[in-house]
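Dear colleague,

Please find below the sequence and structure that I am handing over to you. My notes on what was found follow directly after them.

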Amino acid sequence: MAFSMSNLNASELQQVGAALTRPEELGNNSNVEMQWAMKAMDHATVHYNLITSVDASCLRLTKVDDKIYTKFREEFPDLNVAKLTESDLKTPEAKEKWRTFCESFKGEIEDYNMGTLLRLNCEDDYNPDSTIFSVRTQFLAIEIARNREGHNSCLLKKKEKINKS
(Lines give C-alpha, C1' and ligand atoms only; values in the text may rest on other atoms or scores of the structure.)
Protein backbone atom coordinates (compact mmCIF):
# COMPACT_ATOMS: atom_id res chain seq x y z
CA MET A 1 0.00 0.00 0.00
CA ALA A 2 1.39 3.41 -1.00
CA PHE A 3 1.84 6.15 1.58
CA SER A 4 -0.49 9.12 1.12
CA MET A 5 -0.18 12.50 2.78
CA SER A 6 -3.75 13.53 1.91
CA ASN A 7 -5.07 12.68 5.39
CA LEU A 8 -2.39 14.64 7.24
CA ASN A 9 -3.17 17.97 8.87
CA ALA A 10 -0.93 21.02 8.51
CA SER A 11 1.18 20.20 11.56
CA GLU A 12 1.74 16.65 10.37
CA LEU A 13 2.74 17.86 6.91
CA GLN A 14 5.24 20.23 8.52
CA GLN A 15 6.67 17.32 10.50
CA VAL A 16 7.11 15.37 7.27
CA GLY A 17 9.02 18.33 5.89
CA ALA A 18 11.17 18.60 9.02
CA ALA A 19 12.02 14.91 8.77
CA LEU A 20 13.65 15.37 5.39
CA THR A 21 17.41 15.05 5.57
CA ARG A 22 17.88 18.26 3.61
CA PRO A 23 15.32 21.03 4.34
CA GLU A 24 15.77 22.48 0.87
CA GLU A 25 14.04 19.37 -0.49
CA LEU A 26 10.75 20.68 0.91
CA GLY A 27 11.06 24.13 -0.70
CA ASN A 28 9.08 23.65 -3.89
CA ASN A 29 8.46 19.93 -3.75
CA SER A 30 5.61 19.44 -6.20
CA ASN A 31 4.28 16.37 -4.37
CA VAL A 32 3.86 18.34 -1.12
CA GLU A 33 2.29 21.25 -3.02
CA MET A 34 -0.12 18.85 -4.73
CA GLN A 35 -1.12 17.38 -1.35
CA TRP A 36 -1.84 20.89 -0.02
CA ALA A 37 -3.88 21.69 -3.13
CA MET A 38 -5.87 18.46 -2.86
CA LYS A 39 -6.58 19.08 0.82
CA ALA A 40 -7.71 22.65 0.06
CA MET A 41 -9.99 21.45 -2.75
CA ASP A 42 -11.50 18.73 -0.54
CA HIS A 43 -12.16 21.34 2.15
CA ALA A 44 -13.77 23.69 -0.40
CA THR A 45 -16.03 20.93 -1.71
CA VAL A 46 -17.22 19.95 1.77
CA HIS A 47 -17.77 23.60 2.72
CA TYR A 48 -19.77 24.40 -0.42
CA ASN A 49 -21.92 21.28 -0.06
CA LEU A 50 -22.65 22.30 3.51
CA ILE A 51 -23.64 25.91 2.82
CA THR A 52 -25.84 24.87 -0.09
CA SER A 53 -27.64 22.20 1.93
CA VAL A 54 -28.61 23.97 5.17
CA ASP A 55 -29.44 27.45 6.38
CA ALA A 56 -25.92 28.82 6.74
CA SER A 57 -27.02 31.37 9.34
CA CYS A 58 -27.35 28.47 11.80
CA LEU A 59 -23.93 26.95 11.12
CA ARG A 60 -21.06 26.91 13.57
CA LEU A 61 -17.70 26.30 11.92
CA THR A 62 -15.60 26.18 15.12
CA LYS A 63 -15.97 26.13 18.89
CA VAL A 64 -14.80 29.76 18.94
CA ASP A 65 -17.05 31.24 16.23
CA ASP A 66 -18.28 33.98 18.58
CA LYS A 67 -14.74 35.07 19.44
CA ILE A 68 -13.60 34.96 15.81
CA TYR A 69 -16.59 36.99 14.63
CA THR A 70 -16.32 39.60 17.38
CA LYS A 71 -12.59 40.14 16.85
CA PHE A 72 -13.01 40.10 13.06
CA ARG A 73 -15.64 42.84 13.10
CA GLU A 74 -13.57 44.86 15.59
CA GLU A 75 -10.51 44.66 13.31
CA PHE A 76 -12.33 44.78 9.94
CA PRO A 77 -15.60 46.67 10.62
CA ASP A 78 -16.13 47.87 7.05
CA LEU A 79 -14.92 44.83 5.11
CA ASN A 80 -17.57 43.82 2.57
CA VAL A 81 -17.56 40.05 3.06
CA ALA A 82 -20.23 39.54 0.39
CA LYS A 83 -17.88 40.65 -2.38
CA LEU A 84 -14.20 40.69 -1.57
CA THR A 85 -11.40 41.92 -3.76
CA GLU A 86 -7.94 40.46 -3.88
CA SER A 87 -6.58 43.70 -2.41
CA ASP A 88 -8.74 43.14 0.70
CA LEU A 89 -6.34 40.29 1.49
CA LYS A 90 -3.18 40.68 -0.55
CA THR A 91 -1.84 44.26 -0.37
CA PRO A 92 1.16 44.67 1.94
CA GLU A 93 -0.99 46.63 4.41
CA ALA A 94 -3.79 44.06 4.32
CA LYS A 95 -1.34 41.18 4.70
CA GLU A 96 0.13 42.74 7.83
CA LYS A 97 -3.28 43.42 9.36
CA TRP A 98 -4.44 39.88 8.54
CA ARG A 99 -1.21 38.35 9.85
CA THR A 100 -1.73 40.03 13.22
CA PHE A 101 -5.37 38.91 13.29
CA CYS A 102 -4.54 35.31 12.37
CA GLU A 103 -1.66 35.03 14.84
CA SER A 104 -4.01 36.02 17.65
CA PHE A 105 -5.77 32.66 17.12
CA LYS A 106 -2.63 30.52 17.16
CA GLY A 107 -3.30 27.69 19.57
CA GLU A 108 -7.09 28.21 19.47
CA ILE A 109 -7.82 27.27 15.88
CA GLU A 110 -6.38 23.99 14.63
CA ASP A 111 -4.25 24.54 11.55
CA TYR A 112 -4.91 28.29 11.90
CA ASN A 113 -2.48 29.13 9.10
CA MET A 114 -3.20 26.20 6.80
CA GLY A 115 -3.77 27.13 3.18
CA THR A 116 -7.37 27.06 2.01
CA LEU A 117 -9.52 28.35 -0.82
CA LEU A 118 -11.79 31.35 -0.38
CA ARG A 119 -14.62 32.54 -2.61
CA LEU A 120 -14.37 36.26 -3.38
CA ASN A 121 -18.08 36.55 -4.14
CA CYS A 122 -20.44 34.85 -1.70
CA GLU A 123 -22.94 34.21 -4.50
CA ASP A 124 -20.47 32.12 -6.51
CA ASP A 125 -19.25 28.60 -6.10
CA TYR A 126 -15.55 27.75 -5.98
CA ASN A 127 -14.31 28.51 -9.47
CA PRO A 128 -11.05 29.82 -10.93
CA ASP A 129 -12.44 33.30 -11.59
CA SER A 130 -13.63 34.06 -8.08
CA THR A 131 -11.53 31.90 -5.77
CA ILE A 132 -8.25 32.83 -4.13
CA PHE A 133 -5.82 31.20 -1.77
CA SER A 134 -6.04 32.28 1.88
CA VAL A 135 -5.17 30.95 5.30
CA ARG A 136 -7.68 29.06 7.39
CA THR A 137 -8.22 31.83 9.94
CA GLN A 138 -9.08 34.33 7.17
CA PHE A 139 -11.44 31.81 5.63
CA LEU A 140 -13.15 31.16 8.96
CA ALA A 141 -13.52 34.85 9.84
CA ILE A 142 -15.02 35.69 6.46
CA GLU A 143 -17.29 32.65 6.22
CA ILE A 144 -18.52 33.05 9.81
CA ALA A 145 -19.36 36.69 9.00
CA ARG A 146 -21.08 35.65 5.76
CA ASN A 147 -23.16 33.09 7.65
CA ARG A 148 -24.13 35.42 10.50
CA GLU A 149 -24.86 38.36 8.23
CA GLY A 150 -27.00 36.26 5.87
CA HIS A 151 -24.78 36.50 2.80
CA ASN A 152 -24.49 32.73 2.28
CA SER A 153 -28.27 32.21 2.47
CA CYS A 154 -28.62 32.96 -1.23
CA LEU A 155 -26.85 29.70 -2.10
CA LEU A 156 -29.45 27.48 -0.46
CA LYS A 157 -32.25 29.50 -2.07
CA LYS A 158 -30.54 29.21 -5.45
CA LYS A 159 -30.19 25.43 -5.04
CA GLU A 160 -33.84 25.04 -3.94
CA LYS A 161 -34.97 27.05 -6.97
CA ILE A 162 -32.94 24.83 -9.30
CA ASN A 163 -34.32 21.68 -7.67
CA LYS A 164 -37.92 22.92 -8.19
CA SER A 165 -37.29 23.51 -11.90
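The lining of the largest pocket comprises 6 nonpolar, 3 polar and 5 charged residues; here Ala, Val, Leu, Ile, Met, Phe, Trp, Tyr, Cys and Pro count as nonpolar, Asp, Glu, Lys and Arg as charged, and the others, Gly among them, as polar. Please note that this is a predicted model, in which local features need pLDDT of at least 70 and side-chain atom pairs count only at pLDDT 80 or more, while totals for chains, interfaces and linings use all residues. Residues are numbered from 1 along each chain as its sequence is written, and side-chain values use heavy atoms, with hydrogens and water left out.

The volume of the largest pocket is about 330 Å³. A pocket is an open set of points on a 1 Å grid over the protein atoms alone, where a 1.4 Å probe fits, with protein on both sides within 12 Å along at least five of seven lines; lining residues have an atom within 4 Å of a point. Grid points are joined across faces, edges and corners, and a volume is the space filled by probe spheres set on the points. Of the 14 lining residues of the largest pocket, His-43, Val-46, Met-114, Arg-136 and Phe-139 are the closest to its centre. Helices (H or I, at least four residues) and strands (E, at least two) are DSSP runs, numbered from the N terminus.

The second largest pocket holds about 240 Å³ of space. Its lining has 13 residues, and Lys-95, Trp-98, Arg-99, Val-135 and Gln-138 lie nearest its centre. The elements that give two or more residues to the lining of the second largest pocket are α4 (87-90), α5 (92-103) and β2; α5 gives the most, with 5 residues. By class, this lining divides into 6 nonpolar, 3 polar and 4 charged residues.

As for the whole protein, 7 helices and 2 strands make up the secondary structure, in the order α-α-α-α-α-β-β-α-α from the N terminus on. Of its 165 residues, 41% count as buried, where buried means under 20% relative accessible area, exposed over 50%, and partly exposed in between (1.4 Å probe, protein chains only).

Strand β1 (residues 115-119) has 5 of its 5 residues buried. Gly-115, Leu-117 and Arg-119 point one way from β1, and Thr-116 and Leu-118 the other way. Over 5 bridges, β1 pairs in the antiparallel sense with β2 (residues 131-135); two strands pair if DSSP finds at least two bridges between them. The bridge partner of Thr-116 in β2 is Ser-134, which is buried with a relative accessible area of 2%. Not counting residues up to four places away in sequence, Ser-134 touches Met-114, Gly-115, Thr-116, Leu-118 and Phe-139, contact meaning heavy atoms within 4.5 Å.

Helix α6 is largely enclosed by the rest of the structure, because 12 of its 13 residues are buried. What covers the buried residues of α6 includes α2, α3 (65-75), α4, α5, β1 and β2. From first C-alpha to last, α6 reaches 18 Å, close to the 18 Å expected at 1.5 Å a residue; the expected span is 1.5 Å times one less than the number of residues. Just after α6, Gly-150 takes a positive phi of about 85°.

With kind regards
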